[in-house]
Amino acid sequence: MVLSPVPAPGHPTEQPTRQPLPGGGAPTAPTAPGTRPGELPPVHDALLCVALPAFAVSPRHGQLTGHGPEGVYASGRRLLSRCVLRVAGREPVPLQGRLAAADRAVFVGALRAPGDTGPDPGVTVERSRGADGTERITLRSAAPRPLRLPVEVVLGTDLAELGAIASGRARSDLRASVHGTGLRWTAPDGRSVAVTADPAPMDALAAAGVLRWEVDLAPGAALTFHLRVHAGGAPGATPPGGTGRPGGHLLPDAEAEGDDPRPGALLRASVDDLRALLQRDPAHPAAVHLAAGVPWRCGPATAEALWAARMALPLGTRLAVTTLRALGHTQLTGGAEAGRLPGPLRDAGSHLPPRCTGVEATLAYPVVLAEARRWGLPAADLDELLPVAERCLGWLRRVLDQGGLLPDPAPGGPWRAETQAHAHRAALLGADLLDACGRPGGADLRAAARTLRERFRSTFWLDDPSGGRPAAARAPEGRSWSQLGGWAAHLLDTGLLGGGYAPGLLDRAETEQVARLLGTPALDSGWGLRGLGAKEPGHNPFGHRAGAVRVHETAVAVAGLAAAGYEKAAAALLRGLLDAADHFDHRLPEMYAGEQRTAGARPVPHPAACRPAAVAAAGAVHALAALAGIRPDAPGRSVAVHPMPSAPLGAIRFSGLVVAGEPFAVRVSRLGLGMVEEAAEGLQLGV
């Protein structure tokens, strides 16, 4: 759940309200009767074809009926809400609906031909629908005699904005007019859409929104119809679709193959989803970033876009560059908040007040840039983006309180353990980045990190008979929030430095205890890591920060545990994630219910979760890469691999990865031994 910002840049004016939705902004009319505040239409069982700025939401039977969020969208507006096929006066019996690719779904149905006396269908109907609404409908006859079949398609649209649909305020269908070989609709604001058909229909009934054909099918013959959606805009408006799709060159065709087929299927689907989620900043077309998720979160670049770009670094640095560029355009430049990236307040669960995603993004920015440099960021891109990172680090130095901790929101918010981990990582990796670029400030950042680490260890650790735990948050007046959840994984995510990982906030004994806690049934649901432990007050298996499994947090835990040497817990979480991915057809949602896994059970979807989601797709890449333990140091012309010694998934080979700007392939044997098989010329194998 995300809460929207208001335009003013300072924290005092950032109030929790509903997040603006793509193309429509925050709701401007009262909530429709029967729609509860904050409720979103369920999409968990829908098939979403995505190629932003276009996407289509289809039920598994394939008929678009106008119910809920069903329809074809572009730039936050529904272009088509109804597309119902009838053959011989009947709707085909739905047999199968599936995604054929990130941007295309296929639906198969059948019907008995007129005059058939047995139960066997004589006509098969296949529909292939793309993210932009383009549809191919094929009828195939297995009947023993020629057939003459009336075919009709019922079309309709409300041209409603997604924000209105999400809040239950969609308007009635617009009246159609005949247009060429199809129909056209125009909204009161002048925006319009047309659907054309090939072959041309015999009849087009505007009042009913119906296109009609009479078709002759010989035994064994097939006939195909094509429907295309054409969007128009109001005078002076940017047409839906904006400046077009970003190039797929940003992400390579990475592959995984080995004893276990699941990593390969998950990696392919995740890369496809990341490509589908790429979108351009309308104000800066060269700035490409990942949308947080479809259908509800296709707005401006957010902290999630940075998280995803960081976790996708094994696929190269191009996505990181364009994401950093997009976020850099938003950086605040004046007043006490100069250097901070703006961002909405985000729900932090039932125990804590909302936190600021702008703080999270500001701390992530220098980390992504520093780690991208290790993976092989070109010097020209580093020179362009470094000033923004310097301003982020300057803001960090200014807002640390007298005790060396960072309130969130700042000033006046509580000290959150997760935020301290982000700040500590930013200070250490930022110091390394500044030193490498010959810029001042590295020593001050290391001193700030040292103070933060000492203060954290003396303030946040809560002793108990079971070995203790870190507090989720502390308040300056002494209050402590002790609820244990998936946030603790961030304490193990220390960041990549030359030759290995940066030191973390925890000492060795505390790290071991956190690793043990992350592997307990209270946090590990069997499908992934819960946002809040099952034994904690207020636990809700569907709660975004109160018990649901969030994929990217599970991925952070897998990588952090593996890097710290706690392979058993890392492998258990990774297996659970792979098992869940199997049930979600390898397209992981941003979150799903943290119900305890039992024999024969399936992961329970969250009804409003985005799927695909950037951090889920990138999190899958991050978790799988932990199997190989790749530690690049492109500036030092070296790369090391530290696989999980037990090879929990057996032998595996990754190819199509990118280190130092060139293809990289690594193999891990069943004995847990890593071997680099392809790398940039001159790149040395480190230890």
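Figure 1. A disulfide here is a pair of cysteine sulfur atoms within 2.5 Å. This is a predicted model, in which local features need pLDDT of at least 70 and side-chain atom pairs count only at pLDDT 80 or more, while totals for chains, interfaces and linings use all residues. Residues are numbered from 1 along each chain as its sequence is written, and side-chain values use heavy atoms, with hydrogens and water left out. How many disulfides does a search of the whole structure find? The count is 0. Cys-49 is buried, with a relative accessible area of 0%. Buried means under 20% relative accessible area, exposed means over 50%, and partly exposed lies in between (1.4 Å probe, protein chains only). Cys-392 is in no disulfide either. Its nearest cysteine sulfur, in Cys-356, is 12 Å away. Cys-392 also counts as buried, at 1% relative accessibility.

**Figure 2. The largest nonpolar core.** This core holds 164 residues. A nonpolar core is a set of buried Ala, Val, Leu, Ile, Met, Phe, Trp, Tyr and Cys residues joined through side-chain atoms within 4.5 Å. Which residues touch the most other members? They are Tyr-365, Leu-588 and Phe-654. Helix α5 (residues 357-375) gives the largest share of the core, 11 residues. Helices (H or I, at least four residues) and strands (E, at least two) are DSSP runs, numbered from the N terminus. A second, separate core has 43 residues, including Cys-49, Leu-147, Leu-155 and Val-193. In soluble globular proteins, nonpolar side chains tend to be buried together.

Figure 3. Contact means heavy atoms within 4.5 Å. Neighbours within four places in sequence are left aside for Tyr-365 and for Thr-362. The contacts of Tyr-365 include Leu-306, Leu-324, Leu-341 and Cys-392. Thr-362 lies in helix α5. Is Thr-362 buried or exposed? Thr-362 is buried, at 1% relative accessible area. Its contacts are Gly-339, Arg-340, Leu-341, Cys-392 and Trp-395. A polar atom of the Thr-362 side chain lies 2.6 Å from the backbone oxygen of Gly-358.

**Figure 4. Strand β16 and its two partners.** In strand β16 (residues 192-198), 6 of the 7 residues are buried, so the strand is largely enclosed by the rest of the structure. Strand β15 (residues 182-186) pairs with β16 in the antiparallel sense, over 5 bridges. Two strands pair if DSSP finds at least two bridges between them. Trp-185 stands opposite Val-193 in β16. The two strands form a hairpin with 5 residues between them. In the turn, Gly-190 has a positive phi of about 95°. β16 also pairs with strand β19 (residues 222-232), antiparallel, over 7 bridges. There, Val-195 stands opposite Val-229. In a regular strand the side chains alternate between the two faces of the sheet.

**Figure 5. A three-strand open sheet.** The 3 strands lie in the order β34-β35-β39, and their pairing is mixed. β34 (630-633) and β39 (684-685) are the edge strands, each pairing on one side only. β34 runs antiparallel to β35 (residues 638-641), and 4 bridges join them. Which residue of β35 is the bridge partner of Asp-633? The partner is Ser-638.

**Figure 6. Helix α10 and its surroundings.** Helix α10 (residues 551-564) has 14 residues. From its first C-alpha to its last, α10 reaches 20 Å, close to the 20 Å expected at 1.5 Å a residue. The expected span is 1.5 Å times one less than the number of residues. The helix is mostly covered, with 11 of its 14 residues buried. Among them are Val-551, His-552 and Leu-561. The buried residues pack against elements including α3 (303-311), α9 (508-518) and α12 (614-625). Gly-565 follows the helix, with a positive phi near 95°.

Figure 7. The peptide bond from Val-294 to Pro-295 is cis, with omega near 15°. Pro-295 lies in the loop between β22 (284-290) and α3. The bond from Arg-611 to Pro-612 is also cis, with omega near 15°. Pro-612 lies in the loop between β33 and α12. Leu-159 is a residue other than glycine with a positive phi, near 50°. Leu-159 sits in the loop between β13 (147-156) and α1 (162-166), and counts as buried at 1% relative accessibility. His-586 has a positive phi near 70°, in the loop between α11 and β33.

Note on methods
A polar contact is a pair of N or O atoms within 3.5 Å; within protein, one must be able to donate a hydrogen and the other to accept it, and residues adjacent in sequence count only if both atoms are side-chain atoms.
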